[in-house]
Amino acid sequence: MVAALPFLHFHQKNFRILGPWDGSGLLLVYWAVVLALLLLGRLVWKSFARAGLVVTPVVAVLAAGFTLGPWVSLLLLALSVALGFLLFRYGTVLEKLGQSVTLDVLVLVVFPTFQLVKERSAAAVPAPSSFFMKDADVPAQAGITPPDVYFLLVDGLGQPGFLEQHYRLPQHHLTAGLDRRGFQILNQARANYPQTALSAAATLNMATIPTLLDIHDPTSKDRRPLAHLIRHSRVGRTFRELGYETVTYPSGYPLTRLANVDHRHEPFLHPSFTSFYVLSDGFLPLIQPLLGKGPADLSFALRRGRLNFIFNHLGNARSGVDPEMPVFVFAHILAPHPPFVFDLEG
């Protein structure tokens with residue numbers, strides 16, 4: 001139950017953009033580890049109740065060690081060791097205490113679960129007809145083979161000039177490779193909106209957000225209408241109507257995941273949005289410095305792996321596509337966001 005708390009809390013904060021089973025794979029891994037620890041503990045203390053009392057602080061560190069911090073994590077591990085020794089002498093008394101603790105933890109799990117189910121059932125997604133503008137007619141031109149279209153949404157890096165001025169990142173380091181490949185660099189370009197959900201929704205529907213949405217509450221944090229605009233965008237529908245096959249390279253960010261695609265290319269190991277952040281809050285960032293790594297090395301490696309996969313496989317976007325069919329390729333390049341980390345010390 002303790003292992004499920006980080007997943008429940010993350011879903012509570014992000015349920016409007018996450019599927020109900022997002023992160024379930026990592027949760028099953030956590031539960032498998034807990035079961036193994038309980039079975040091992042039963043061999044030592046001859047009781048699942050006693051084993052659960054010893055294992056619970058360890059599981060809390062495994063699931064949320066970085067969030068708890070190193071000193072609290074060490075205290076919990078010390079508590080687990082102390083309970084393990086005390087159980088040999090005061091097993092019956094502590095076992096009753098363990099039953100009480102189990103009930104308290106059950107309440108901690110049941111309450112957020114109930115709240116999450118209640119919120120999901122009460123929050124209806126707005127119907128597309130309430131905020132989609134009318135599509136324009138795009139006539140197909142007979143005898144002309146449509147070109148393949150690649151749309152790379154480069155997210156979060158910023159203008160080269162701005163990065164050089166505020167973060168001391170030399171412009172030529174950022175743009176030299178693109179210059180050599182014949183790209184035109186728009187050094188003074190500005191994003192239409194400062195957030196990915198707003199920018200992608202507007203770009204993929206070729207209109208401003210007030211044109212696309214009937215916004216009744218400007219203070220609302222509900223991003224589901226934006227997610228719907230992106231998943232079922234005007235651009236995507238238009239390409240399908242023109243006979244294109246849609247190929248996507250997702251970044252892992254659920255708000256930019258398109259629906260009704262023909263080919264979705266992802267690395268074999270690609271943790272979900274929930275799993276990525278739960279892992280970042282667990283015990284791994286605590287032990288990485290002990291191995292000579294930065295606490296965020298795992299996070300950086302996962303992000304870098306996804307980006308490398310996209311760049312390495314973008315040239316194979318037509319793999320499995322009929323040679324006669326044009327393709328619309330959408331790749332979300334989740335670039336490093338500020339602050340920029342240069343070494344283990346930041």
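The model is predicted, and local features need pLDDT of at least 70, side-chain atom pairs count only at pLDDT 80 or more, and totals for chains, interfaces and linings use all residues. Residues are numbered from 1 along each chain as its sequence is written, and side-chain values use heavy atoms, with hydrogens and water left out.

The chain has 346 residues, of which 37% are buried. Buried means under 20% relative accessible area, exposed means over 50%, and partly exposed is in between (1.4 Å probe, protein chains only). The secondary structure comes to 13 helices and 4 strands; these are DSSP runs numbered from the N terminus, with helices (H or I) of at least four residues and strands (E) of at least two. Among contacts with a separation of 6 or more, 71% are between residues 24 or more positions apart. A contact here means heavy atoms within 4.5 Å.

The largest nonpolar core has 27 residues. Such a core is a set of buried Ala, Val, Leu, Ile, Met, Phe, Trp, Tyr and Cys residues joined through side-chain atoms within 4.5 Å. Two or more residues each come from helices H7 (196-205), H8 (209-212), H9 (224-231) and H10 (234-241) and from strand S4 (327-334). H7 gives the largest share, 5 residues. Ile-209 and Leu-226 have the most contacts inside the core. Apart from neighbours within four places in sequence, Ile-209 is in contact with Tyr-193, Leu-198, Ala-201, Ala-202, Ile-215 and Leu-226.

The structure holds 3 aromatic pairs. Rings of Phe, Tyr and Trp (its six-membered ring) pair if their centres lie within 6.5 Å; planes under 30 degrees apart count as stacked, over 60 as edge-to-face and the rest as tilted. Phe-151 and Phe-330 form a tilted pair, 5.5 Å centre to centre with 45° between the planes. Phe-151 lies in strand S1 (residues 149-155) and Phe-330 in strand S4, so the pair ties together parts 179 residues apart in sequence. Phe-330 is buried, at 2% relative accessible area, whereas Phe-151 is partly exposed, at 22%. Phe-239 and Tyr-244 make an edge-to-face pair, 4.8 Å centre to centre with 65° between the planes.

Asp-148 and Arg-318 meet in one of them (3.1 Å, N to O). Asp-148 is in the loop between helix H4 (70-122) and S1, and Arg-318 is in the loop between helix H13 (297-313) and S4, 170 residues apart. Glu-266 meets Arg-306 at 2.9 Å, N to O, and both residues are buried. Arg-257 also forms a salt bridge with Glu-266, with the closest N and O atoms 3.3 Å apart. Shared partners join Arg-257, Glu-266 and Arg-306 into one network.

Leu-40 is found in helix H2 and counts as exposed, at 53% relative accessibility.

How values were computed. A salt bridge is a side-chain nitrogen of Lys or Arg within 4 Å of a carboxyl oxygen of Asp or Glu.
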